[in-house]
Amino acid sequence: PLSNRMEVNEDLKRLGWHLTPQGLVKCVDICKQRGLETSVQNIEKVALDLDLKEIGAEVLPKQLDKEINKVLVLQIQRVKNVAMPSSRQHETNPPKRLLRVFLTDGHTSHSAVELDSYIDNLSPSTQPGTKVRMRGRAVVASGFVLLSNSCVSVLGGLVEHMQKKQHVGDEERGGGGGSDERESRCDGGVVGVVMGGW
């Protein structure tokens with residue numbers, strides 16, 4: 001029933017899932033194909049493995065204000081340790097760590113930076129398509145969202161086509177080049193935010 005679907009959608013929004021009507025239908029259809037009840041819990045499990053570009057509504061502003069203070073499920077595009085060179089991105093215990101996280105609602109993207117302490121279950125090896133839930137108050141400084149365990153949690157998710165694309169990108173970046181140099185200059189802004197006390 002339509003009324004029940006609207007209730008489910010409102011419950012999903014309270015959990016940070018802002019799905020388009022078509023996106024919700026897609027999740028519900030996948031639940032039915034798998035013989036699952038179309039509960040909020042099952043829809044969330046299905047949505048974790050789908051690209052927000054295909055199912056998510058546009059919720060992030062083009063220009064960030066001074067903070068994000070609402071519950072939002074966002075998708076990781078990429079995670080980079082800006083304190084280490086590209087050749088050492090995937091070390092298990094790097095001597096230095098400062099993560100830059102590229103986040104999107106599927107339509108608009110912004111950069112975030114790990115602040116103060118390490119975010120649980122987050123590293124440069126975190127796969128693109130992984131979902132995170134923003135909750136509480138996240139300060140924005142110089143265009144970067146400042147992340148801590150108090151305002152973000154990693155939910156997981158496996159978006160196959162994004163993982164394949166990332167694998168190809170990693171191989172191409174392995175050769176170095178001008179794009180790495182340009183990105184390194186951008187990463188300097190991350191370091192400046194943290195060192196400057198934002």
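This is a predicted model: local features need pLDDT of at least 70, side-chain atom pairs count only at pLDDT 80 or more; totals for chains, interfaces and linings use all residues.
Strand β5 and strand β8, residues 152–156, run antiparallel to each other, with 4 bridges between them.

What about the two faces of β5, residues 131–134: are they covered or open? Both are covered. Lys 131 and Arg 133 sit on one side, and both are buried. Val 132 and Met 134 sit on the other, and they are buried too. Notice that one of those faces carries a lysine and an arginine.

Let me step back to the whole chain for a moment. The protein has 6 helices and 8 strands. Read along the sequence, the order is α-α-α-α-β-β-β-β-β-β-β-β-α-α. There are 198 residues, and 45% of them are buried. Take the contacts between residues at least 6 apart in sequence: 68% of these join residues at least 24 apart. The protein exposes about 10800 Å², and carbon and sulfur atoms supply 50% of that.

Next, charges. Side chains of opposite charge can pair when their charged atoms come close. How many salt bridges does a search of the whole structure find? It finds 8.

Start with Arg 133. What is the salt-bridge partner of Arg 133? The partner is Glu 44, and the closest N and O atoms are 2.5 Å apart. Arg 133 lies in strand β5 and Glu 44 in helix α3, residues 40–48, so this pair ties together parts 89 residues apart in sequence. Why do we call Arg 133 buried? Because its relative accessibility is 16%, and the cut-off for buried is under 20%. Glu 44 counts as buried as well, because its relative accessible area is 18%.

The second pair is Arg 137 with Glu 67. Their side chains meet in a salt bridge, 2.4 Å from N to O. Arg 137 lies in the loop between β5 and β6, and Glu 67 lies in strand β1, residues 67–68, so the pair ties together parts 70 residues apart in sequence. Are these two buried or exposed? Arg 137 is exposed, with a relative accessible area of 53%. Glu 67 is partly exposed, at 31% relative accessibility.

Arg 88 counts as partly exposed, at 34% relative accessibility. Glu 91 counts as partly exposed at 31%.

Glu 114 lies in strand β4, residues 109–114. Glu 114 counts as buried because its relative accessibility is 5%. Which side chain makes a polar contact of 2.6 Å with the side chain of Glu 114? That of Arg 97. Leave out residues up to four places away in sequence, and Glu 114 touches Arg 97, Leu 98, Leu 99, Ile 119 and Leu 147.

How values were computed: Residues are numbered from 1 along each chain as its sequence is written. Side-chain values use heavy atoms; hydrogens and water are left out. Buried means under 20% relative accessible area, exposed over 50%, partly exposed in between (1.4 Å probe, protein chains only). Two strands pair if DSSP finds at least two bridges between them. A polar contact is a pair of N or O atoms within 3.5 Å; within protein, one must be able to donate a hydrogen and the other to accept it, and residues adjacent in sequence count only if both atoms are side-chain atoms. Contact means heavy atoms within 4.5 Å. Accessible areas come from the Shrake-Rupley method with a 1.4 Å probe; for residues, only the protein chains shown count as cover. A salt bridge is a side-chain nitrogen of Lys or Arg within 4 Å of a carboxyl oxygen of Asp or Glu.
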